[in-house]
Every structure is written in C-alpha cells, then in structure tokens.
Amino acid sequence: MIKNSKFYFLNILKSWRTFWIVAGISVTFSSFYVCKNESDLTAVKDRFPGRAWAEPINVQESLPGINGLTAKDCGVCHEDHYKEWKNSTHANAFTDLQFQAELAKPNSPQWLCLNCHIPLSGQRKEIATHLKGGDVFQPVLVSNKKFNANWEKEGISCGTCHLKSDSQGRTVLIGPTGANAPHPVEKNREALHARCNDCHNQDYKLNLSLICYFKTGDEYKESIHFPKEDCVSCHMPSVNRNIVIPSFQKEKRDSHRHTFIGGGVPKTFALFDSQWKGYQSGLKIGEPKWFLSEKEGIRLSLTLENTLAGHNVPTGDPERHLIVEAILQDENGREVSKEVQKIGQNWEWYPEAKLVSDNRIRSGEKRSIDWVLNTKPGPKPKFGILRILHVRLTKENAEHMKKNSNYASPEIGKKIKNIELHYPFANVFYEAKTDLNTGKIQLTSKKNLLEISKRGGL
C-alpha cells in the first residue's frame with residue numbers, strides 16, 4: 001500500500017493521466033521525426049524551377065457563366081471545336097496505350113509524366129507537392145478531393161491551353177480576342193501560342209537512362225518559316241465559321257481548327273479517317289528515277305525536301321522515324337531486291353541515355369538519296385517501288401511493352417498484350433510504282449494509302 005501510495009502521489013497511476021503522459025512522449029518523438037524528415041523534402045517547384053511541366057495547373061472547378069471546365073462542358077456552346085478536339089491526338093494523350101505502358105513500368109515517375117498528359121489539377125487523383133531528398137522517384141503525394149475521373153480521361157483538353165492561374169492563384173480563362181461572352185475571358189494570344197513549347201520543347205535528364213527530349217520548339221527557331229509562321233499556323237489552320245452554337249446568333253469569324261493534325265499516325269485505328277482529312281507530309285518528294293545498268297544493277301535516285309514543316313521531319317518523340325523502302329519486283333509482283341533507309345534519331349538508352357546519331361531532314365533541307373539495288377540471277381525486275389512510312393512504334397518496342405503489360409490494370413494490360421490490334425504502329429504516306437521498261441509512274445492515291453495504313457501490320 002505504501003508503494004502504491006507513492007505512485008498515486010505522483011499521479012501516474014490514474015488511467016487518464018497515464019494516457020496523456022504516453023501521448024505527450026509520442027508527440028515529442030513524432031515531431032522530432034517529422035521535422036528531421038521535412039528537412040530532407042524539396043518542393044517540386046524548387047526541384048524544377050521555371051519548368052511548366054513540374055506541377056499541374058491549379059484550376060477551380062468552375063468559373064462564372066460556365067457549368068464546368070471539362071472539354072465536354074466547353075462543347076455545350078463551342079460544339080464544332082469540341083467535335084474537332086475529340087478526334088485529336090491531344091484528346092487521347094492519357095488513354096494512349098503506349099503512354100499507359102510507359103506509365104505502368106515500376107520505375108516510372110508517374111506523377112511527372114502525367115503533368116504533360118493530364119496537366120490540370122482537377123484531372124489528378126494525387127498531386128506531388130514535395131520530393132524526398134529531391135528524388136523524382138520519391139514524391140510526397142497528396143490526395144486530391146476535387147479529382148474528376150471524366151476530366152482525367154480527356155487528356156489534353158481545352159483548359160490545358162485556355163486556363164491559367166494568375167499571381168493571386170485565381171483561375172483565368174484566356175482567348176485570342178477576349179471576345180464578349182457569358183463567361184469572363186482575358187485576351188492573351190501570346191500565351192496561347194507559347195503554350196505548345198511547355199511540353200513540345202523540353203530537354204531534361206531525370207537520371208542516367210531516363211530523359212525528356214522534345215526539341216520541336218528549338219527546331220522551329222532554326223526553320224525557314226521562323227518567325228513568319230508558328231505552330232498554330234500549320235497545326236491549327238484558321239477557318240471562317242461560327243464560334244458558338246447558332247442559338248447565340250453570333251456572326252461568323254476566323255477561328256482555329258482544334259484537330260491538331262500532326263504526323264498522321266493516330267492513337268487508335270478508328271481515328272485514321274478523321275485525322276487524315278487535314279494530314280499532309282512536310283516533305284516534297286521528287287519523282288523517283290530508276291536507271292538500269294549492266295555493271296551496277298539498278299539504281300534509284302530520289303530527292304526529299306522539307307519545304308512545309310517548321311521543324312525537322314520527323315520531330316517529337318525520339319523513337320519516331322521514317323522508313324524509306326526501295327523495292328524491285330518481277331512481273332508477278334514478287335520481291336527481287338530491297339533496300340531500306342531509316343531517317344530519324346538513334347539512341348543508346350542503357351546504361352546511360354545518349355543520342356548517337358540524328359539524320360532527320362531539317363526545315364528547308366533538300367536531300368538526295370541514291371541507291372544501287374543488286375539483282376540476283378533469276379526473274380528479271382519489272383517494277384520499282386518507292387514507299388515511305390512514318391513509324392511511331394517499332395515491333396521490337398511493342399514486344400517490350402507486352403512484357404510490362406502485367407503492371408497495368410487488367411483492362412489496359414489486355415490491350416497492351418494485343419497492342420497490334422488496337423494501336424497503329426505507322427502509316428504509309430507515299431508510294432510510287434514505276435514500270436522499269438516504260439518509265440511510267442503510278443502514284444498510290446491518298447485514299448488507298450489510308451486504307452493500307454488502317455489495315456495495320458506495318
């Protein structure tokens with residue numbers, strides 16, 4: 001009793017006092033641990049200063065005069081723009097199977113990749129605020145209560161270009177003219193046109209084997225079209241039309257198309273038809289000239305000139321490239337000889353990412369290609385075929401994607417395992433068949449090139 005009385009005197013045998021003493025000790029140690037670890041945290045904006053892709057654009061759920069900020073909300077009034085955007089590559093930036101396969105890799109810094117593919121805060125389930133030790137692979141993720149799953153699936157939507165946060169953190173909607181509308185709109189044409197480079201002109205090494213390398217903006221500054229034209233001039237051509245639905249009774253005016261036509265290899269086979277309506281290669285392809293020589297065999301002479309594109313051809317993703325094929329066929333259409341040339345970048349990815357070579361065609365460059373195709377004893381060649389493909393995904397890389405398919409969700413993983421059924425690897429944008437005896441050239445029509453591309457297997 002004497003012993004217990006002493007402890008009672010100290011007031012620690014009472015259960016409620018015991019609880020608070022233990023809690024206090026726990027808080028003390030926890031605070032020490034948290035403060036210690038907070039010193040190891042780096043704010044994302046400090047890790048990537050001045051990089052637009054470092055953080056998602058912080059936007060509200062709505063603005064005055066608008067029911068919401070998703071592309072579907074915008075489409076209620078801007079119907080034509082919405083329909084165009086819906087068939088664009090931008091609209092498929094998140095659902096793109098190649099991107100989903102990269103995102104699913106265990107070593108993928110998902111939060112950072114998503115900042116370009118779904119760049120608005122409302123599209124994000126979680127938002128990275130800090131990095132442990134400044135490491136992009138150790139983000140501190142905060143759950144986003146304003147996450148909109150439908151908005152996420154929209155990828156690069158209207159708000160990507162037309163919404164921004166001002167210095168007070170308020171959401172501002174910008175447009176090229178600042179036109180009078182039911183909602184406030186700030187005139188800022190320069191910001192709209194500059195937005196492309198935030199993702200399409202980046203060069204950053206995250207670690208030895210992981211880099212972002214998209215230099216289209218720098219290529220444009222060295223092009224024959226700078227500064228007279230810009231990205232919008234070609235990829236969003238202007239057309240005179242209604243800006244809003246007829247019930248607003250507004251006069252027609254010049255407006256940019258929102259199809260964002262690019263390299264002509266869409267994210268799904270179903271998008272070929274809509275995206276090829278405005279598609280045109282940046283190359284001027286000279287008439288193929290075939291020469292027969294008893295000593296050399298058969299020679300092909302060809303010129304490729306980058307007259308239309310304000311950047312290299314091809315541009316963008318380092319793995320994009322052109323394949324130029326020269327084929328000899330006998331009178332029955334059987335292949336006698338073939339030569340292939342790749343036009344693009346060559347990279348070594350492991351153990352360190354390194355650009356090894358780059359033979360892309362620069363803006364304004366005229367390039368001559370001369371081939372000698374050796375003919376073996378046997379059927380005599382009758383036709384010379386010149387074919388040019390734009391390749392987005394190689395068969396070798398597709399096989400690597402399949403190996404990582406189990407890391408994706410069951411629905412996405414199933415599609416990746418059968419990627420060739422869902423995802424176009426390439427298109428054929430030029431094909432000419434020359435009769436070697438008469439010299440007559442037959443060009444494959446754009447309609448037939450489209451059908452060949454839609455069949456896949458390229």
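I'll start with helix α6, residues 97–104, which is mostly covered: seven of its eight residues are buried. Buried here means under 20% relative accessible area, exposed means over 50%, and partly exposed is in between, with a 1.4 Å probe and protein chains only. Helices (H or I, at least four residues) and strands (E, at least two) are DSSP runs, numbered from the N terminus.

Before going on, the basis. This is a predicted model, in which local features need pLDDT of at least 70 and side-chain atom pairs count only at pLDDT 80 or more, while totals for chains, interfaces and linings use all residues. Residues are numbered from 1 along each chain as its sequence is written, and side-chain values use heavy atoms, with hydrogens and water left out.

Back to α6. The buried residues are Leu97, Gln98, Phe99, Gln100, Ala101, Leu103 and Ala104. What covers them includes α7 (110–117), α15 (395–403), α16 (410–417) and α17 (419–422); contact means heavy atoms within 4.5 Å. At the start of the helix, a side-chain oxygen of aspartate 96 comes to within 3.0 Å of the backbone nitrogen of glutamine 98. A polar contact is a pair of N or O atoms within 3.5 Å; within protein, one must be able to donate a hydrogen and the other to accept it, and residues adjacent in sequence count only if both atoms are side-chain atoms.

Next, the sheet. Six strands form an open, antiparallel sheet, ordered β16-β15-β14-β18-β19-β20. Its edge strands, each pairing on one side only, are β16 (354–358) and β20 (441–443). Two strands pair if DSSP finds at least two bridges between them. Strand β14 (residues 321–329) and strand β18 (residues 383–391) run antiparallel and are joined by nine bridges. Alanine 326, for one, has leucine 386 in β18 as its bridge partner.

Now the loops, with cis peptides to begin. Another joins tyrosine 350 and proline 351, with omega about 0°, and proline 351 is in the loop between β15 (335–348) and β16.

Last, positive phi. Glutamine 249, not a glycine, has phi of about 55° and lies in the loop between β9 (238–241) and β10 (253–256). Phenylalanine 260, also not a glycine, has phi of about 50° and lies in the loop between β10 and α14 (272–275). Which of them is buried, and which exposed? Glutamine 249 counts as exposed because its relative accessibility is 72%. Phenylalanine 260 has a relative accessible area of 19%, so it is buried.
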